[in-house]
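Please keep the structure open while you read, and check each point by eye.

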Amino acid sequence: MNNNRIKNQFFEQDALIIAPQLLGKILIRKYPDNSIFRSKITEIEVYKGEEDLACHASKGKTNRTEIMYRQGGFVYVYLIYGMYWMLNFVTGKPEQPQAILIRAVENINGPGKLTKKLEIDKSFNGEDLYTSDRLWVENNNEKIKYITTPRIGVDYAGEKWKNINWRFVLKPV
């Protein structure tokens, strides 16, 4: 296993601590034909806890959200609009549901475009990022700068939650 692969302990921290540290890391996808896609993570959004009305966990633990109640380091994948899979990394401690949505990597902007390119589907839900042979994250030691903005597409969550600056975007160097 590659020593550069990020261990699960990294993901067992609070999502807001991890978020800026995840920017600039390298997302790796190994396809069934053994070809490899590598790209720098450039945009993410934090969804944190049952109190966050934009977070799926705001409805409590369900079959869909059960994965968010595990310790960090697992993949959470769900379908939106009946056509786009969304790639999330579970973070934090058990029973403290939170996840980080991967919105973009270098040269692929938009979470639906990203999962299409990576051929991500429901089969990835629950995958362990440290032991997976299909999807993982590696360290990248370059210094980064970022900005925060409100999350995208969460107007339904009300003023507080739609305006909170939990979207993290890598600034070009």
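**Notes on strands, salt bridges and single residues**

1. Val105 has Ile108 in β6 as its bridge partner. This is a predicted model, so treat what follows as a reading of that prediction. Strand β5 (residues 98–105) and strand β6 (residues 108–109) run antiparallel and are joined by 2 bridges. The hairpin has 2 residues between the strands, and Asn107 takes a positive phi near 70° there.

2. Stay with β5. How many of its 8 residues are buried? The count is 8 of 8. β5 pairs with β2 in the antiparallel sense, over 7 bridges. Find Glu43, whose bridge partner in β5 is Ala104. β4 also runs antiparallel to β5, with 3 bridges joining them. There, Asn88 stands opposite Leu101 in β5.

3. Next, a charged pair between β5 and β2. Arg103 forms a salt bridge with Glu45, and the closest N and O atoms are 3.7 Å apart. Arg103 sits in strand β5 and Glu45 in strand β2, so the pair links distant parts of the chain, 58 residues apart. Is Glu45 buried or exposed? Glu45 is buried, with a relative accessible area of 0%. Arg103 is buried as well, at 14%. A network of salt bridges links Glu43, Glu45, Arg103 and Arg167.

4. The structure holds 12 salt bridges. One of them joins Glu138 and Arg38, with the closest N and O atoms 3.2 Å apart. Glu138 lies in strand β7 and Arg38 in strand β2, 100 residues apart. Glu138 counts as buried because its relative accessible area is 3%, and the cut-off for buried is under 20%.

5. Lys40 makes a salt bridge with Glu142, with the closest N and O atoms 2.6 Å apart. Lys40 lies in strand β2 and Glu142 in the loop between β7 and β8 (146–149), so the pair ties together parts that are 102 residues apart in sequence.

6. Now look along β7. In a regular strand the side chains alternate between the two faces of the sheet. In strand β7 (residues 135–138), Leu135 and Val137 point one way, while Trp136 and Glu138 point the other way. All four are buried. β7 pairs with strand β1 (residues 26–30) in the antiparallel sense, over 4 bridges. Ile28 stands opposite Trp136.

7. Arg5 deserves a look. Arg5 is found in the segment before α1 (8–11). At 7% relative accessibility, Arg5 is buried. What does Arg5 touch, leaving out residues up to four places away in sequence? The list is Leu129, Tyr130, Thr131, Ser132, Trp136, Val137 and Glu138. A polar atom of the Arg5 side chain lies 2.6 Å from the backbone oxygen of Tyr130. The Arg5 side chain also reaches the backbone oxygen of Ser132, at 2.8 Å.

8. Ser39 is in strand β2. Ser39 is buried, at 7% relative accessibility. A polar atom of the Ser39 side chain lies 3.2 Å from the backbone oxygen of Glu106. Not counting residues up to four places away in sequence, Ser39 touches Lys25, Ile26, Leu27, Val105 and Glu106.

9. On to helix α2 (residues 15–22). Its buried residues are Ala15, Ile18, Ala19, Pro20 and Leu22. At the start of α2, a side-chain oxygen of Asp14 reaches to within 2.8 Å of the backbone nitrogen of Leu16. Just after α2, Gly24 takes a positive phi of about 90°.

10. Finish with two loop residues. Thr65 is in the loop between β2 (36–48) and β3. Thr65 is buried, with a relative accessible area of 2%. Beyond neighbours within four places in sequence, Thr65 is in contact with His56, Ala57, Gly60 and Tyr76. Met83 is in the loop between β3 (75–80) and β4 (84–90). Met83 counts as exposed because its relative accessibility is 52%, and the cut-off for exposed is over 50%. Together with Tyr81 and Tyr84, Met83 makes a nonpolar surface patch of about 390 Å².

Definitions and conventions
Residues numbered from 1 in each chain as written. Predicted model: local features only at pLDDT ≥ 70, side-chain atom pairs only at ≥ 80, totals over all residues. Heavy atoms only, no water. Patch = residues over 30% accessible without salt bridge, like charges linked within 9 Å, V, L, I, M, F, W, Y side chains within 5 Å. Areas by Shrake-Rupley, 256 points an atom, 1.4 Å probe, with all protein chains shown as cover. Salt bridge = Lys/Arg side-chain N within 4 Å of Asp/Glu carboxyl O. Buried < 20%, exposed > 50% of the residue type's maximum accessible area, 1.4 Å probe, protein only. Pairing = 2+ DSSP bridges. Contact = heavy atoms within 4.5 Å. Polar contact = N/O pair within 3.5 Å; in protein donor to acceptor, adjacent residues only side chain to side chain.
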